[in-house]
Amino acid sequence: MKLKNKLIIGFFIMIVLPIFLISATGRTIIGRQMDSIKESYDIESGTIEVFTNPIQIFNRITRGVYNEIKLIALRSPEKLEDVEFIKELNSEIKNKYSFITVRKNGEYIYTGDEEKLSKVSNSLPDFGVYGSNVDGGIYIGGKNPFLVKAQDFYFSDGEEGTILVLTDLNVLVPQIKSLVIQGIISFLIILSLTAFVLILWIYRSILRPLNVLRIATNQIREGDLDYKVVSYSEDEIGELCNDFEKMRIRLKNLIEAQLKYEEDIKELISNISHDLKTPLTAIKGYAEGLNDGVADTKEKQEKYLKTISSKANDMSVLVDELSYYAKIDSDTVPYSFKGVSLQEYFNDCIEDLKLDTEIKNTEIILNNYVDSSVYVVADGEQLKRVIHNIVGNSVKYLDKEKGLIQIRIRDIGEYVQLEIEDNGSGIGKDELPFIFERFYRADASRNSKKGGSGLGLAIAKKVIEDHSGQIWAESETGKGTTIIFTLKKIK
């Protein structure tokens, strides 16, 4: 999931989840408190009305009894002097946290709850203050809130009397307080739960991968390029982890390649030093021989000079080969690709090679199985260097009295395959995979007099690959080696 989508989901979780949980929790808490209020006061009313107009709600619970008292006060006030009748009315509202009290000339002659009356007696209205036509009662606040309904009347002896219906609101207030407290606590718990869910989700999907990247960065900074970065997500951070892992692998490969290159350079310097030292020693020795008069005859002098010239030529070839490889390895050798006729090209090439191979008592044979109209894409000069390097290696490692090199050209579809086979000493299976590596020489002991820098086949491989071809070798110890490469045909 993309990081953008995660943030959108996180936003909706932050909004929707609290609303849903608060709604569900609020409905449960309010429902329980309303059931408690209904059970306590035996009333049926909506939740909103309980909070917006609670006095009106509690007016209802004693309305029936109060209306009966009003009617009796108008028609039969003497009935209100009957204590048993008053007790009967009081019992009807007692379970609704209400009670009745009767006052005569300011003195309370009856009360349904003396303890509660003592809390509010000083706040009750006097005779004639409340009136007899007010419906709904009056609210007495303070520490002990009550809803009071009063009805004035006259006793049979002419004394002023008031009958009061009082409803204790102190039971409702704790319930409302409890409701508010529970609501606040639930709100805080829901917010904390939502925050915890979001933090856990963000940590798992964002912070944890970033922490992995931080650790990996520190490991790489300390030089540990083997520390792997594993991504378990498909978002932008997961892609970043994958890119980081690719960067780590590439960096590791580059460093390993650099170290390998430095090792190769050291090996090259060692090889070149060795290969240069041999002809230099010979040149120095023969030159001293000439200076000291050891070559006292014309024949010896000519031999010494010829040897010096030959060794100097070997050094020149070695330096040229090294210089060429440095250019081709850094891709600074310019290629001039064009269509090359294989028949014409190899006929000329074989003539050049025969001059060198005949001196080494080696026969070279060309077998061309390709039509004369076939052309390949190649740089003639660079391709000639490849063939000369391969043939030169074959001649160098021939161990037979009569050497034989066969060049075969085959058509294999979009490519032409060239095979250069010799009857030399061959290459061991354990050495065969490495012969195209730069500076590699099967003559590891360097005790032979064959010389060479070990760059010939490495140069051939690079040139052929630059021609969009492939090169490989097949060999059998004691029987010979075949170097095979392909060139792309012109359609």
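A crossing of two helices is called left-handed if the near helix is turned anticlockwise from the far one by less than a right angle, and right-handed if clockwise. Helices (H or I, at least four residues) and strands (E, at least two) are DSSP runs, numbered from the N terminus.

The model is predicted: local features need pLDDT of at least 70, side-chain atom pairs count only at pLDDT 80 or more, and totals for chains, interfaces and linings use all residues. Residues are numbered from 1 along each chain as its sequence is written, and side-chain values use heavy atoms, with hydrogens and water left out.

**View 1. The whole protein chain.**
The protein chain has 12 helices and 12 strands. Of its 491 residues, 37% are buried. Buried means under 20% relative accessible area, exposed over 50%, and partly exposed in between (1.4 Å probe, protein chains only). Contact means heavy atoms within 4.5 Å. Among contacts with a separation of 6 or more, 64% join residues 24 or more positions apart. The structure holds zero disulfides; a disulfide is a pair of cysteine sulfur atoms within 2.5 Å. C241 is buried, at 2% relative accessible area. C349 is also buried, with a relative accessibility of 2%.

**View 2. The α10 and α11 pair.**
Two packed helices are described by the angle between their axes and the distance between the axes. Helix α10 (residues 342-359) packs against α11 at an angle of about 35 degrees, with the axes 11 Å apart. Axes are lines fitted to C-alpha atoms, for helices over the stretch in contact, and angles run from 0 to 180 degrees between N-to-C directions. The α10 and α11 crossing is right-handed. From α10, the contact uses Y345, F346, C349, D352, L353 and T357. From α11, it uses G380, L383, K384, I387, H388, V391 and V395.

The expected span is 1.5 Å times one less than the number of residues. D379 caps the N-terminal end of α11. A side-chain oxygen of D379 lies 3.1 Å from the backbone nitrogen of E381. Buried residues of α11 include G380, L383, I387, V391 and V395. Q382, V386, N389, I390 and S394 of α11 are buried too.

**View 3. F346 in α10.**
F346 is found in helix α10. Is F346 buried or exposed? At 1% relative accessibility, F346 counts as buried. Leaving aside neighbours within four places in sequence, F346 is in contact with L366, I387, I407, I409 and L418. F346 and I387 are 41 residues apart along the chain. Their C-alpha atoms are separated by 9.9 Å.

**View 4. Helix α9 against α12.**
Helix α9 (residues 298-329) has 32 residues. Its reach from first C-alpha to last is 46 Å, close to the 46 Å expected at 1.5 Å a residue. Helix α12 (residues 456-466) packs with α9 at about 35 degrees, with the axes 10 Å apart. The crossing is left-handed. E321, Y324, Y325 and I328 of α9 meet G456, A458, I459, K462, V463 and D466 of α12. E321, Y324, Y325 and I328 are among the buried residues of α9. D331 follows α9 and has a positive phi, near 60 degrees.

**View 5. Positive phi in two loops.**
Most residues other than glycine have a negative phi. N105 is not a glycine, yet its phi is positive, about 50 degrees. N105 lies in the loop between β1 (98-104) and β2 (107-111). At 43% relative accessibility, N105 counts as partly exposed. S468, also other than glycine, has a positive phi near 65 degrees. Where is S468 found? S468 sits in the loop between α12 and β11 (471-476).

**View 6. T482 in strand β12.**
T482 has its place in strand β12 (residues 480-488). T482 is buried, with a relative accessible area of 11%. Not counting residues up to four places away in sequence, T482 touches E419, I420, E421, W472, A473 and E474.

**View 7. V83 in helix α5.**
V83 is found in helix α5 (residues 83-94). V83 counts as partly exposed, at 39% relative accessibility. The C-alpha atoms of V83 and I109 are separated by 9.4 Å. Along the chain, V83 and I109 are 26 residues apart.

Methods
Polar contact = N/O pair within 3.5 Å; in protein donor to acceptor, adjacent residues only side chain to side chain.
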